[in-house]
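Please look over the sequence and the structure shown below before reading on. The report then takes up a few strands and residues in turn.

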Amino acid sequence: MALTPFIKGGEGDLNTMGLKIYLNGKLVDRDKAVVSVFDHGLLYGDGVFEGIRSYDGIIFKLKEHIERLFQSAHTLMLEIPLSKKELERAVVETLKANRLENSYIRLVVTRGEGDLGLDPRKCRKACLFIITDKIMLYPKDYYEKGLKLITVPTVRNHPEALNPQLKTLNYLNNILAKIEANNSGFDEAILLNAQGYVTECTGENIFFIKNGALWTPPPYVGILRGITREVVMRIARRLGFTVLEEPFTRHELYTADEVFLTGTAAEIVPVSMIDNRLIDENCPGKLTARLMAEFKKTIPREGVRYKAKG
Ligand code: PMP
């Protein structure tokens with residue numbers, strides 16, 4: 001999650017002592033959920049993760065998130081200790097233990113405990129944990145007035161260095177960009193790739209609308225294949241938009257009719273200004289608002305149902 005969230009009910013809510021964490025096959029209390037200082041997830045960022053959301057007892061796109069987790073792990077040659085089905089059950093079990101119907105779920109698999117060298121062969125068993133917590137909502141203002149973005153000097157990781165399609169525990173590329181946006185007093189950062197094409201924000205994909213067509217960068221420029229991104233493209237096609245996955249520069253963003261970001265936590269959030277260029281004074285624009293409304297309708301139809309209470 002990259003945009004600064006608003007914590008529903010105040011900070012204290014996130015520190016609920018009764019919270020149960022799934023850790024390597026057991027549900028343990030929050031203060032007992034600890035991993036080794038020799039874990040390569042901590043020492044080297046060697047691991048993968050997913051951020052998932054549940055809405056009124058529906059885990060939105062759970063199977064797709066688990067699939068993406070397995071794909072990231074496959075490329076890293078990291079063996080996930082559970083099958084996809086078992087992992088699905090573990091997520092549901094954790095939500096039930098915490099009686100959470102609306103939740104933000106963090107699924108993490110690290111390389112596990114090793115020695116101080118980086119060789120993953122020294123790590124005998126991956127470590128898997130699942131945190132489910134109350135959902136953190138973004139300020140209403142973001143959705144009603146739009147975000148102000150800035151292009152930052154840090155470029156997105158080169159796909160042949162650390163492919164942004166892998167959702168790994170190494171998020172420093174994104175964190176550096178976030179720091180630059182923070183330092184400049186903007187809500188979010190846009191990262192370009194080494195060729196100057198727009199990639200994405202620090203934890204959200206980017207879209208623009210021009211003359212009724214919807215544009216978003218293709219995965220090969222260096223982005224995470226966002227699950228929200230896929231849903232939005234599908235909805236847009238159904239609504240009759242031309243959807244284009246083509247590289248574009250900042251100029252296309254500056255001159256767009258509407259711009260918005262997508263992500264699991266943010267859903268669809270409109271953008272009002274980029275590098276001090278006004279994009280849309282009536283934020284969210286008409287077409288973005290339409291996609292936002294359609295997205296909300298999709299949530300109850302596309303996920304794994306569970307009963308957290310009773
Ligand atoms: N890009 C990056 C870098 C991300 O970390 C995320 C997830 N927070 C996204 C895009 C959006 O992906 P999703 O819609 O699957 O949450």
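## Basis of the report

This is a predicted model, in which local features need pLDDT of at least 70 and side-chain atom pairs count only at pLDDT 80 or more, while totals for chains, interfaces and linings use all residues. Residues are numbered from 1 along each chain as its sequence is written, and side-chain values use heavy atoms, with hydrogens and water left out.

Strand E4 covers residues 47-55; strands (E, at least two residues) are DSSP runs, numbered from the N terminus. In E4, 9 of the 9 residues are buried, where buried means under 20% relative accessible area, exposed over 50%, and partly exposed in between (1.4 Å probe, protein chains only). Gly47, Phe49, Gly51, Arg53 and Tyr55 point one way from E4, whereas Val48, Glu50, Ile52 and Ser54 point the other way. In a regular strand the side chains alternate between the two faces of the sheet.

E4 and E6 run antiparallel and are joined by 8 bridges; two strands pair if DSSP finds at least two bridges between them. Ser54 has Ser103 in E6 as its bridge partner. E4 also pairs with strand E5 (residues 58-60) in the antiparallel sense, over 2 bridges, and here Tyr55 stands opposite Ile58. The hairpin of E4 and E5 has 2 residues between the strands, and in this hairpin Asp56 takes a positive phi near 45 degrees.

## Two buried threonines

Thr110 is found in strand E6 and is buried, with a relative accessible area of 5%. Its side chain makes a polar contact with the side chain of Asp39 at 2.8 Å; such a contact is a pair of N or O atoms within 3.5 Å, and within protein one must be able to donate a hydrogen and the other to accept it, while residues adjacent in sequence count only if both atoms are side-chain atoms.

Thr132 lies in strand E7 (residues 127-134) and has a relative accessible area of 0%, so it is buried. The side chain of Thr132 makes a polar contact with the side chain of Asn98 at 2.9 Å.

## A loop residue and a surface residue

Ile135 is in the loop between E7 and strand E8 (136-137), and it is buried, with a relative accessible area of 10%. Ile135 and Ser54 are 81 residues apart in sequence and 8.5 Å apart in space, C-alpha to C-alpha.

Leu116, in the loop between E6 (103-110) and E7, is exposed, with a relative accessible area of 59%.

Technical notes: Helices (H or I, at least four residues) and strands (E, at least two) are DSSP runs, numbered from the N terminus.
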